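This report describes side-chain contacts between charged and aromatic residues. The sequence and structure are shown first.

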Amino acid sequence: MASTLTIPFQTSNFRSTFLGEKNGFSVSTMPVCHIGLLRKTIECKESRIGKQPIQVPSNVIIALQGQDLKVKGPLGELSILYPREVKIEREDSGILRVKKAVETRRAKQMHGLFRTLTDNMVVGVSRGFEKKLQLVGVGYRAMLEGKDLVLNLGFSHPVRMAIPDGLQVKVEENTRITVSGYDKCAIGQFAASIRQWRPPEPYKGKGVKYADEVVRRKEGKAGKKK
């Protein structure tokens, strides 16, 4: 007669937080190792444009008070408020320098931007800026009526635009417009609003374009082949 071998069932002492205990048997998990992440400090290089000095002409008056800068010249007066990321300093020789107040990526972006804005203010009140436009198209013409600029651009009625204060508009040969002043931002905005009425189209080039603008022309549809 064959003998029967009996194997006793043993319960494991391992415990698991995921599977739990079942039928007296449980599975344990290995301890988890926490891996720390190393933080690397990003060094922002100095802006190539921001580090350039700003020359102040003798006919320009600079008033600096904290983060507020006022510039006055023979053509007008402008002011700007600097953010906390940048600061402006005036040297004994009269040169202005825009510097970063903190070492952050945003400060690097503001550095070059506000250096350019400051230089535009100094140049604007001393020499001024101008933007030229040209009307291209049969019957397209411009004229001045008092303080308004009147444009004939192929619509059923002429377009009348009020000239903002501080800007001067000159019309030559009814097709060339010159916008000038001491505020470069205002000049660009008014010139863009003129162009917006009839942007140049790519087939014949008709419309209002900047004098130095290159319009990329497209080839028209070819006729049917015979």
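## Salt bridges

A salt bridge is taken here as a side-chain nitrogen of Lys or Arg within 4 Å of a carboxyl oxygen of Asp or Glu. By this rule the count comes to eleven salt bridges. The model is a predicted one.

One of these bridges joins the side chains of glutamate 89 and lysine 99, with an N to O distance of 3.1 Å. The pair links distant parts of the chain, since glutamate 89 belongs to strand β4 (residues 86-90) and lysine 99 to strand β5 (residues 96-100), ten residues apart. Glutamate 89 is partly exposed at 31% relative accessibility, and lysine 99 is likewise partly exposed, at 35%.

## Further charged pairs

Glutamate 103 and lysine 100 also meet in a salt bridge, at 3.3 Å from N to O. Glutamate 103 counts as exposed because its relative accessibility of 56% is over 50%. Lysine 100 counts as buried because its value of 15% is under 20%.

Arginine 160 and glutamate 145 form a salt bridge with an N to O distance of 2.9 Å. Glutamate 145 is partly exposed, with a relative accessible area of 36%. Elsewhere, a network of salt bridges links Lys170, Glu172, Glu173 and Arg176.

## Aromatic pairs

The count of aromatic pairs is two. In one of them, the ring centres of tyrosine 82 and phenylalanine 114 are 5.6 Å apart and the planes meet at 45°, so the pair is tilted. Tyrosine 82 is in the loop between β3 (77-81) and β4, whereas phenylalanine 114 is in helix α1 (residues 105-126), 32 residues apart. Tyrosine 82 is buried at 4% relative accessibility, as is phenylalanine 114 at 10%.

Phenylalanine 155 and tryptophan 197 form an edge-to-face pair, with 6.4 Å between centres and 70° between planes. Phenylalanine 155 lies in the loop between β8 (148-152) and β9, and tryptophan 197 in helix α2 (residues 184-197), 42 residues apart. Phenylalanine 155 is partly exposed at 34%, and tryptophan 197 is partly exposed at 42%.

## Charges over rings

Phenylalanine 155, a member of that edge-to-face pair, also has the charged end of arginine 198 over its ring, 4.4 Å from the centre. The charged end of lysine 131 sits over the ring of tyrosine 210, 4.9 Å from its centre.

Definitions and conventions
Residues are numbered from 1 along each chain as its sequence is written. This is a predicted model: local features need pLDDT of at least 70, side-chain atom pairs count only at pLDDT 80 or more; totals for chains, interfaces and linings use all residues. Side-chain values use heavy atoms; hydrogens and water are left out. Helices (H or I, at least four residues) and strands (E, at least two) are DSSP runs, numbered from the N terminus. Buried means under 20% relative accessible area, exposed over 50%, partly exposed in between (1.4 Å probe, protein chains only). Rings of Phe, Tyr and Trp (its six-membered ring) pair if their centres lie within 6.5 Å; planes under 30 degrees apart count as stacked, over 60 as edge-to-face and the rest as tilted. A charge sits over a ring if NZ of Lys or CZ of Arg is within 6 Å of the ring centre and within 35 degrees of the ring normal.
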